[in-house]
Amino acid sequence: MHEVVIPKEIKEACIKRRGRLHVFDKLDSRSTALVVIDMQNSWLKPGMSPLEIPEARTIVDNINALARTIRKANGTVAWTQSTFPEDWTSKAYQGFGSQQWIKNAIHDTEVGSQGFQIYEKLDWREGDITVTKNRPSAFIQGSSKLESELRSRGCDTIVITGTLTNACCESSARDAAALGFRVVFVSDGTATRTDIEHNAALINLMQLVADVRTTEEVIQCLASRRAEIL
């Protein structure tokens, strides 16, 4: 799991701006969705693809714990499965990756392929929302049906987990916030290539986009709201 290090000056800037470090004290599970970004074989299964993010395997238990907690509290669990359309990918990543890397990304995430499937150790269940996305952000126009699925269930708050922290997770968090969702970003429920990239994303998001929390803190926020209702 990544070592999370948030500089003191960043925390102080957040406190100065909003009067405290964190944004949300309680989360109402009935309007909250756990959103699990791209935790599929192409990124998690050892040796399957150059897309592999080994660190992503270390967050599986935390994601499963959050899924169990939210389901038990009558909340929503949603999963995205990423695919790279050939026409868009070839243009979007030209120059950022080799031609072979681009071909692998397209092949290893093809809908229906083994790489597209959700990693077997994750607690995916029938009845969860499961959507295909074809852009880094799950919320940008035309990428997926996630926004409409969440709105239909009355969700106004999302808890983001998955991979990559600084790519699809961060992109989804920013667009969700722009669409009016309250966003929680799980620091030990997201993963990427290095601690540097992980922490850079957290530092950016925690200031004006998302409440950055640990798995344990999110579970406590859900419990606090439930206790208040009871």
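Mentor: Let's begin with a term: rings of Phe, Tyr and Trp (its six-membered ring) pair if their centres lie within 6.5 Å, and planes under 30 degrees apart count as stacked, over 60 as edge-to-face and the rest as tilted. This model is predicted: local features need pLDDT of at least 70, side-chain atom pairs count only at pLDDT 80 or more, and totals for chains, interfaces and linings use all residues. Residues are numbered from 1 along each chain as its sequence is written, and side-chain values use heavy atoms, with hydrogens and water left out.

Trainee: Which kind of pair do Phe-84 and Tyr-93 form?

Mentor: Their centres are 5.9 Å apart. The angle between the planes is 65 degrees, and the pair is edge-to-face.

Trainee: And why does the pair of Tyr-93 and Trp-101 get its label?

Mentor: The ring centres are 5.7 Å apart. Their planes stand at 70 degrees, so this pair is edge-to-face.

Trainee: Is Phe-84 buried or exposed?

Mentor: Buried means under 20% relative accessible area, exposed over 50%, and partly exposed in between (1.4 Å probe, protein chains only). Phe-84 has a relative accessible area of 10%, so this residue is buried.

Trainee: How are the axes of α1 and α8 oriented to each other?

Mentor: Helices (H or I, at least four residues) and strands (E, at least two) are DSSP runs, numbered from the N terminus. Axes are lines fitted to C-alpha atoms, for helices over the stretch in contact, and angles run from 0 to 180 degrees between N-to-C directions; under 35 degrees counts as roughly parallel, over 145 as roughly antiparallel, 65 to 115 as roughly perpendicular and the rest as oblique. The axes of α1 (residues 8–18) and α8 (residues 195–208) come within 9 Å and cross at roughly 10 degrees. The two helices are therefore roughly parallel.

Trainee: Which residues of α8 make that contact?

Mentor: Contact means heavy atoms within 4.5 Å. On the α1 side we find Ile-10, Cys-14, Arg-17 and Arg-18. Facing them from α8 are Ile-203, Met-206, Gln-207 and Leu-208.

Trainee: Which elements do the buried residues of α8 pack against?

Mentor: Those buried residues include His-198, Leu-202 and Leu-205. They pack against α1, α7, β5 (182–191) and β6 (211–213).

Trainee: Where does Asp-38 lie?

Mentor: Asp-38 has a positive phi of about 55 degrees although it is not a glycine, and its relative accessible area of 0% makes it buried. Its place is the loop between β1 (32–37) and α2 (41–44).

Trainee: Is Asn-74 buried or exposed?

Mentor: Asn-74 also has a positive phi, near 65 degrees, and lies in the loop between α3 (60–72) and β2 (76–82). At 60% relative accessibility, Asn-74 counts as exposed.

Trainee: What is omega for the cis peptide bond that joins Thr-163 and Leu-164?

Mentor: Leu-164 lies in the loop between β4 (157–163) and α7 (165–178). For the cis bond, omega is about -5 degrees.
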